[in-house]
Amino acid sequence: MKTQYRFTYLALLAVGLMFFGIACDSAGDNEEPLDPMDPPPVETFDRAGMLDNVANNIILPAYAAFQESTDALQAAVAAFAGDPTAATLVPAQDALKATRMAWQEVSMFQFGPAESVALRGVLNTYPTNTTQINDNIVAGSYTLGSIQNIAAGGFPAMDYLLHGEGLTPDEIVAQFTSDADASARVQYLTDNVDFVKSNTDFVVQQWAANGGNYVGTFLSEDNGGTDVGSSLGQLINAVVLHFERFTRDGKIGIPAGVRSAGVPRPKATEAFYAGYSVELAKANLESIGRLFSGVTAAGQDGLGLEDNLDFIEQGALADDIVTTLQESITAIEGLSDPLKAQIDDDVNKVVATFTKMQELVVLLKVDMTSFLGISITYQDTDGD
């Protein structure tokens, strides 16, 4: 019996193993056979992670800091408007400078909510139109942000009102206290800071996740990729255009005369009346450099365009961009404020700075966009 039982057991075991083998073969039918000649899976760059770093760690904090500075500016201007003295003038001037420095961190992001209100144009069109400002003050009726007043509002107008041209602090205060239009001038200054504040609040609210949630739109899968209208496409177009027209040209080239047949236009500097144009230009270029490298204003390093270029084996181009950015910053540091005096004393030094910055336009606008598959959608004006 024992022999019979052993035979039966072995027979059942063999049948079980046969069915087990069939089951295993059946399960494997759904899998692709491994071919040692197949290439390994292609690793893709974490573009979503880069955009997340740009949006949440660079853009939103920059807008928050800018909004905070406009709050302080509004308070300082209110204190001056309520009691115009030399003592209250200085904090208002300092607050305006702090806000204009914070503006350098966000001015390049002219897309989405900022584009919908033409934020850069309504807040920072210069040179300011002093004739229009004085006419508005006398008339007592104006619409800030309108086409007629595009160069009579925002930071440049406040620059003119709070600093004047060649005026002492007492003479500036007199314009707000004893001049015939003193009360109207106070009102114009107050209206301008309120205008800056309301436009800033709108853009910040539209970006906020608990507001207009443009940050959600920016980071959505629907806006991924590199097509025209994608988040990356909008970001790069906005930043490259800003650098080309508003940093290289607006802050350096135009005042030096490179767009006016070599005839300098010192009054076209960004902060002509206050005299800190070079500081603003340096801050703006530094912020562009941090964005390229994915570094926050606090110095925290994350994914940026530099990492994207490295990933696609274009590290040499990334290095060239970083080097040329630093060389451009160094060239700006070699200029002196007020930029008007620098232009009067040695305009060639300003033109040389423009030339160095021009090298960066080629690297960013031509080489970087080509390798990243981004189309430049704005129109050229000078053949660059």
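These legends walk through several close-up views of a predicted model.

**View 1. The largest pocket.** Let us start with an open space in this predicted model: the largest pocket, with a volume of about 320 Å³. Its lining is made of 20 residues, and those closest to the centre of the pocket are Tyr126, Arg245, Phe246, Gly250 and Ile254. Three helices, α3 (86–106), α5 (119–124) and α11 (231–256), each give two or more residues to this lining. Which of the elements gives the most? That is α11, with 7 residues. By kind, the lining of the largest pocket holds 6 nonpolar, 8 polar and 6 charged residues.

**View 2. The largest cavity.** Here we look at a closed space. How many cavities of 30 Å³ or more does the structure hold? There is 1, and the largest cavity has a volume of about 80 Å³. Around the largest cavity you can find Ile236, Val239, Val240, Ile288, Leu291, Phe292, Leu305, Leu364 and Met368. The elements that supply two or more of these lining residues are α11, α12 (277–293) and α15 (339–372). The lining of the largest cavity counts 9 nonpolar residues, with no polar and no charged ones.

View 3. Phe311, Ile312 and Phe371 together make a nonpolar surface patch of about 240 Å². Phe311 counts as partly exposed because its relative accessibility is 33%.

View 4. Next comes a loop: Gly334 lies between α14 (315–333) and α15. Is Gly334 buried or exposed, or does it fall in between? With a relative accessibility of 28%, Gly334 counts as partly exposed. Now compare sequence and space: Gly334 and Lys349 are 15 residues apart along the chain, while their C-alpha atoms are 8.3 Å apart.

View 5. Side chains of opposite charge can pair when their charged atoms come close. The structure has 15 salt bridges by the rule used here, and one of them joins Lys197 to Asp201, with the closest N and O atoms 2.5 Å apart. Both Lys197 and Asp201 sit in helix α9 (residues 182–207), 4 residues apart, which is about one turn of the helix. Lys197 is buried, at 11% relative accessible area, whereas Asp201 is partly exposed, at 25%. Look also for Asp71, which is linked with Lys197 and Asp201 in a network of salt bridges.

**View 6. Asp249 and Arg248.** In this view, the side chains of Asp249 and Arg248 meet in a salt bridge, 2.9 Å from N to O. Are these two side chains buried or exposed? Asp249 counts as buried because its relative accessibility is 7%. Arg248 is buried as well, with a relative accessible area of 0%.

**View 7. Glu270 and Lys251.** Where do the two partners lie? Glu270 is in the loop between α11 and α12, and Lys251 is in helix α11, so this pair, 19 residues apart, links distant parts of the chain. Both Glu270 and Lys251 are buried.

Methods:
Residues numbered from 1 in each chain as written. Predicted model: local features only at pLDDT ≥ 70, side-chain atom pairs only at ≥ 80, totals over all residues. Heavy atoms only, no water. 1 Å grid on protein atoms, 1.4 Å probe; cavity = no way out; pocket = protein on both sides within 12 Å on 5 of 7 lines; lining within 4 Å. Points joined across faces, edges and corners; volume = space filled by probe spheres on them. Nonpolar A, V, L, I, M, F, W, Y, C, P; charged D, E, K, R; others polar. Patch = residues over 30% accessible without salt bridge, like charges linked within 9 Å, V, L, I, M, F, W, Y side chains within 5 Å. Areas by Shrake-Rupley, 256 points an atom, 1.4 Å probe, with all protein chains shown as cover. Salt bridge = Lys/Arg side-chain N within 4 Å of Asp/Glu carboxyl O. Buried < 20%, exposed > 50% of the residue type's maximum accessible area, 1.4 Å probe, protein only.
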